[in-house]
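Here is a short report for a reader meeting this structure for the first time. Have the sequence and the 3D view open while reading.

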4 protein chains.
Amino acid sequence: MHDVWETRVRYAETDAQGIVFYGNYLTYQDETFTQFLREIGYPWEEMEDAGWEMHVVHTELDYRSQAEFGDELVCEIRASAISESSLTFDWRCRRRDGPVVAEGSVVHVAVDETGETTRVPQPFRDAVVAYQETPPDPV
Amino acid sequence: MHDVWETRVRYAETDAQGIVFYGNYLTYQDETFTQFLREIGYPWEEMEDAGWEMHVVHTELDYRSQAEFGDELVCEIRASAISESSLTFDWRCRRRDGPVVAEGSVVHVAVDETGETTRVPQPFRDAVVAYQETPPDPV
Amino acid sequence: MHDVWETRVRYAETDAQGIVFYGNYLTYQDETFTQFLREIGYPWEEMEDAGWEMHVVHTELDYRSQAEFGDELVCEIRASAISESSLTFDWRCRRRDGPVVAEGSVVHVAVDETGETTRVPQPFRDAVVAYQETPPDPV
Amino acid sequence: MHDVWETRVRYAETDAQGIVFYGNYLTYQDETFTQFLREIGYPWEEMEDAGWEMHVVHTELDYRSQAEFGDELVCEIRASAISESSLTFDWRCRRRDGPVVAEGSVVHVAVDETGETTRVPQPFRDAVVAYQETPPDPV
């Protein structure tokens, strides 16, 4: 997986247990996905211009450890399956100093302007494959 | 002011201090405003149908006390000024058992479909006045 | 499943697609869980007094349809499995007028005051079983 | 004012009008404040160690323009008044390419471990003054 998005835990994202509220990881997941689109050279705006968009139909997460206010998090993502009209992404969020905080997957379905399921366009498929074949930059 | 919206503090709304994060009161304020529109008989949908909407241009809040997870809150609102193209609402949020938690105001500006400032439509003004002239229901 | 929590979609919960942001359903799920604790007569406060709490370790959701601003949602929950130290809850969110919006599950693990995994206390187990054996109120 | 915090508008922060929900600017404001504490060399953790913290008692914002998904925002902050037990901060959020999106102020009160109002400690005052006397780095 490529590291594509980083964040620092915001105070508003913590809850009374002093940790990130579990629903907020989906915001992190979604921003990782958005940044992935930019990285592969097919950003959200191009999707809109091409007359399609993606809707989330499934997500699942395992919570491995807890993140607190101010923790620096690094998020990785990888398209693990591309079918006719959907894409599955594996996603992982870890603290910069190591331990995994949360990981899981999200499934997006391609829909056209009428909201109907549509084929994931070839240029998008090509962009994903080209990006993922390139190894991440060495540190 | 009329009591128009009630809520119970959600876990996701608390922060690591164990109290409602201060920004979340604007969500409460906005829902009180939305419910006010329903109460006066001029809901959001009717606004859209009539080709205008309201944009927030100013807000201010004083935080009087703190609310915790599970607290039951009651929110009051009142249009305190209607000018050519804007409305000022006074807003107050208190615990059901008494003390004020937060209070302040919010200013909305009427805009037409092109985003230009427009006159607040007469039917809306009439609905606000009629509602506010009616005393709240006795308990 | 019992209907235990209702809400109306808030403006702050919608996103630029005009629908509830997919992460916000976990806030609904968590509030349904909280209300479930109240319904079974073993609320959050009692858990704290007894020296244990629950941490989310897994969640998954299928998104079946979309909810918009102002939609009235009804959420159901049911403990589907109780093991030594964890509980799995099935959860479903539907519009009041019918269609399912999102459904899935969440797994909580019982931890003691030191953060170590602990046995789910017997009084809690009993409260869950007693509640779930009682059929929901007829409409 | 110093530029101290930057962000990119998240999808979860937009609403059905396609712009950042007005309450979310307080999350930006709070993170700007947090980063300010780090910049002056007196971070949140040091505050806790010294046995005091700050509570928000007032905030106000003027919304000058609108920010959309993906917009890059730069936030500035400046302590404009320090009294016995409170601090007022001026805050401004603008798009990287120029226009101001929102600006206003927030007032924090110093409280000790019992929650009582306390004097803002001298080391903190000194850190603020030293930082603000240093002109921002030239671009």
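How many residue pairs are in polar contact across the interface of chain B and chain D? The rule finds 14, with both residues of each pair at pLDDT 80 or more. The pLDDT values come with the model, which is a predicted one.

**Chain B against chain D**

The contact takes 22 residues from chain B and 22 residues from chain D. About 1,900 Å² is buried between chain B and chain D. Carbon and sulfur atoms give 52% of that area. On the chain B side, B:Gln17, B:Tyr22 and B:Tyr63 supply 30% of the area buried against chain D. That is more than any other three residues.

Which elements of chain B give two or more residues to the side that touches chain D? They are helix H1 (24-39) and strand E2 (52-63) of chain B. E2(B) gives the most, with 11 residues. By type, the residues of this side divide into 10 nonpolar, 8 polar and 4 charged.

**Chain C against chain A**

Now turn to chain C and chain A. Here 22 residues of chain C are in contact with 22 residues of chain A. The buried area is about 1,900 Å², and carbon and sulfur atoms give 52% of it. In chain C, the residues that lose the most area to chain A are C:Gln17, C:Tyr22 and C:Tyr63. Together they make up 30% of what that side buries. The count of salt bridges between chain C and chain A is 0. Polar contacts do occur: the rule finds 14 residue pairs, both residues at pLDDT 80 or more.

Helix H1 (24-39) and strand E2 (52-63) of chain C are the elements that give two or more residues to the side touching chain A. E2(C) brings the largest share, 11 residues. This side of chain C has 10 nonpolar, 8 polar and 4 charged residues.

**Helix H1 of chain A**

Helix H1 of chain A covers residues 24-39. At 1.5 Å a residue, its 16 residues should span 22 Å. The end C-alpha atoms are 23 Å apart, which agrees. Is H1(A) largely enclosed or largely open? Of its 16 residues, 14 are buried, so H1(A) is largely enclosed by the rest of the structure. A:Gly41 follows H1(A) and has a positive phi, near 80°.

**A glutamate in a loop**

C:Glu13 lies in the loop between strand E1 (2-8) and H1 of chain C. Is C:Glu13 buried or exposed? With a relative accessible area of 7%, C:Glu13 is buried. The side chain of C:Glu13 makes a polar contact with the side chain of C:Tyr28, at 2.5 Å. Another polar contact, at 2.8 Å, joins the side chain of C:Glu13 to that of B:Arg10. Leaving out residues up to four places away in sequence, C:Glu13 touches several residues, including C:Arg8, C:Ile19, C:Phe21 and C:Asn24.

**Salt bridges**

Side chains of opposite charge can pair when their charged atoms come close. Over all chains, the structure holds 48 salt bridges. Three of them are listed here.

| Pair | N to O distance |
|---|---|
| A:Arg92 and A:Glu76 | 3.1 Å |
| B:Arg95 and B:Asp71 | 3.6 Å |
| D:Arg96 and D:Glu72 | 3.4 Å |

Take the chain D pair. D:Arg96 lies in the loop between strand E4 (86-95) and strand E5 (100-112), and D:Glu72 in strand E3, so the pair ties together parts that are 24 residues apart in sequence. D:Arg96 is partly exposed at 45% relative accessibility. D:Glu72 is partly exposed at 35%.

A:Arg92 counts as partly exposed, at 27% relative accessibility. A:Glu76 is buried, with a relative accessible area of 6%. In the chain B pair, both B:Arg95 and B:Asp71 are buried.

Chain B also holds a network of salt bridges. Which residues does the network link? They are B:Asp3, B:Asp62, B:Arg64, B:Glu76, B:Arg92, B:Arg94 and B:Glu103.

Notes: Residues numbered from 1 in each chain as written. Chains lettered and ligands numbered in written order. Predicted model: local features only at pLDDT ≥ 70, side-chain atom pairs only at ≥ 80, totals over all residues. Heavy atoms only, no water. Helix = DSSP H or I, 4+ residues; strand = E, 2+ residues; numbered from the N terminus. Expected span 1.5 Å × (residues − 1). Buried < 20%, exposed > 50% of the residue type's maximum accessible area, 1.4 Å probe, protein only. Contact = heavy atoms within 4.5 Å. Buried area = accessible area lost by both parts, 1.4 Å probe. Salt bridge = Lys/Arg side-chain N within 4 Å of Asp/Glu carboxyl O. Polar contact = N/O pair within 3.5 Å; in protein donor to acceptor, adjacent residues only side chain to side chain. Nonpolar A, V, L, I, M, F, W, Y, C, P; charged D, E, K, R; others polar.
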